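Colleague: I would like a close look at one part of this protein, with some account of the whole around it. Please keep to what the model shows.

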Amino acid sequence: MENRAFLNSRVIEEDMQDIYARGLDWQRLRGKTLLLTGATGMLASYVAFFLIYLNEKHAMNMRLLFHVRSEEKARLRFGEYTDKPYTSLVCHNLCEPWRVDERIDFIIHAASLASPAYYKTMPVEVAEPNVLGVYYLLQLARKQGVESFLFFSSGDVYGKIADGAGEIHEDDFGAADPLDLLSCYGGSKRMGETWCRLFFVEHGVRAKIARIAHTYAPTMDVETDPRVFSSFMKCVKDGTDIVMHSDGSARRPFCYIADAVAAFFLILFEGEAGEAYNVSNDRTFLSIRELAKKLVKLRPELGLKVIAKERPKEAVYLENNFNKANRPSADKLRTLGWQCRFDAATGFARVWRYLREKERQGQSESCR
């Protein structure tokens, strides 16, 4: 490999080294074929980065099948690694059965439209990969006899649990209105989880579930993603005051991507089939206002402020106000040996460092 930063980023390279050093049995992947759906997404791309890193730095000799909607976006995301002989880009309609000629050993289903910006405008497309997509991938997993299958689910499956409940564990559930547009995401994730359980019970498919809480990454799209961590980081990047479209009291467990990716592989390797695990930084449980105040400190020289305004009535963003004060517990995941290493201040500082890296690279390119 060339003597330069992995994927042209010191931040990403350091994160890959951190994940590798967690001590998981990475040899389980040696010589295996892994299918990853939604590979260019914010979370899945970091999984893809790590798989590439294992091949490049540790000679794991894996076959990597990256399911993508756009080959152009994949090439922008992964650069020269899309042309490696061990990598194949797969464009497939998740609502249709799979026909794969080669042997597959592991499947990670991460494809999903997770942003609330889509809940009003594309609710069908939000639900499809979580219901039909999971079903057809589990059929493929059954046919192939895969070693392990991981479904990216969400804390939205819990529905509305009464405030004051404190911690939310994997066997806690509240009400959810199936006719509420929010159910296009949370309700479909519930069905996806049910498929995982059913295929394990009836067909022995070793399907595991990651219920992912609020996770952020350098790969977040700060320009278009309306979720708070992305929109707040855009304000930091642009040097403008952070505007909250709420009172900022809702509390969230913000988890950095390196911790999350370590959790994903731990569940894939060691999780119980047919079971779900919260992936949640429950030791860093911040209000939206507290997060905003931390982020403006990334550029103290600008004296940025935190301002609260009502969300415009014409906004398409459909806010989920469920469980504003309840914390998804990661106790079950910790029984597998997981540790969360990054607090919010450290994790978001890494995101800001990455954004500056990209900005400097852009300036360098424009000067050529």
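Is Ser-230 buried or exposed, and what is its relative accessible area?

Modeller: This is a predicted model. Ser-230 is buried, because its relative accessible area is 0%, and the cut-off for buried is under 20%. The residue sits in helix H6, which runs over residues 228-238.

As for its surroundings, neighbours within four places in sequence are set aside here, and Ser-230 then has contacts with Met-220, Asp-221, Val-222 and Asp-225. One of these, Met-220, is 10 residues away from Ser-230 in sequence, and the C-alpha atoms of the two are 6.4 Å apart.

Now the whole protein. Helix H6 belongs to a protein with 10 helices and 15 strands. Of the 368 residues, 51% are buried, and Ser-230 is one of the buried residues. The radius of gyration is 20 Å, which agrees with the value near 21 Å that a compact globule of 368 residues would have. Along the principal axes, the C-alpha trace spans about 55 × 55 × 40 Å.

Taking contacts between residues at least 6 apart in sequence, 82% join residues at least 24 apart.

Methods. Residues numbered from 1 in each chain as written. Predicted model: local features only at pLDDT ≥ 70, side-chain atom pairs only at ≥ 80, totals over all residues. Heavy atoms only, no water. Helix = DSSP H or I, 4+ residues; strand = E, 2+ residues; numbered from the N terminus. Rg over C-alpha atoms; globule rule 2.2 N^0.38 Å. Buried < 20%, exposed > 50% of the residue type's maximum accessible area, 1.4 Å probe, protein only. Contact = heavy atoms within 4.5 Å.
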